[in-house]
Amino acid sequence: MAKRTAKKAPRKRTPPKPGKWNGGPPLEGLSLRALQLWDALGPLIEDAGQFQPEDAYTLAMVCRAMARAEQAAAQVDRDGVTVPGKDGLKKHPAVQVENDADRKAADLLHKAGWSRLVRHKVIGGAKNEPTVPDGWAGG
């Protein structure tokens, strides 16, 4: 005869702790750096009461664009702003990639209503002096 076990009651979902990022898992396919940005920006937006579940895609695109801008900036830092071309020096193609990614991130942040929040919390220093976080090439 099989031993009967009592069914366990479903676990109650505990509310998130203050300051804990509760935006859910990020979309698949984000780079490691984009995931780090997700974990950095998400709590800022959520703590300000400006994150809804349907905003996950927009936040993922912001993080992807910011990570892409950083990647392109690092390549330009390694190679220089110009590269040899058939008619002499030309602008490094990664300069355009960086500019496009920065523009896309800024546009998405603005359209979502997060640009002031992110600029103040991430870029503004204690005295609101402009600073750039480590590894972020955007402006």
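Student: Why is N99 called partly exposed?

Tutor: N99 has 32% relative accessibility. Buried means under 20% relative accessible area, exposed means over 50%, and partly exposed lies in between, with a 1.4 Å probe and protein chains only. N99 therefore counts as partly exposed. N99 is found in helix α3; helices are DSSP runs of H or I, at least four residues, numbered from the N terminus.

Student: What kind of model is this?

Tutor: This is a predicted model, where local features need pLDDT of at least 70, side-chain atom pairs count only at pLDDT 80 or more, and totals for chains, interfaces and linings use all residues. Residues are numbered from 1 along each chain as its sequence is written, and side-chain values use heavy atoms, without hydrogens and water.

Student: Why are α1 and α2 called oblique to each other?

Tutor: Helix α1 (residues 32-47) and helix α2 (residues 56-79) pack at an angle of about 130°. Under 35 degrees is roughly parallel, over 145 roughly antiparallel, 65 to 115 roughly perpendicular, and the rest oblique. α1 and α2 are therefore oblique.

Student: Which residues of α1 and α2 make the contact?

Tutor: Contact means heavy atoms within 4.5 Å. Among the residues are L37, W38 and L41 of α1 and L59, C63 and M66 of α2.

Student: Which residues does W114 contact, leaving aside neighbours within four places in sequence?

Tutor: W114 is in contact with I45, Q50, F51, D55, T58, L59 and L109.

Student: How far apart are N99 and R68 in space?

Tutor: They are 10.0 Å apart, C-alpha to C-alpha, and 31 residues apart in sequence.

Conventions:
Axes fitted to C-alpha atoms, helices over the stretch in contact; angles between N-to-C directions. Helix = DSSP H or I, 4+ residues; strand = E, 2+ residues; numbered from the N terminus.
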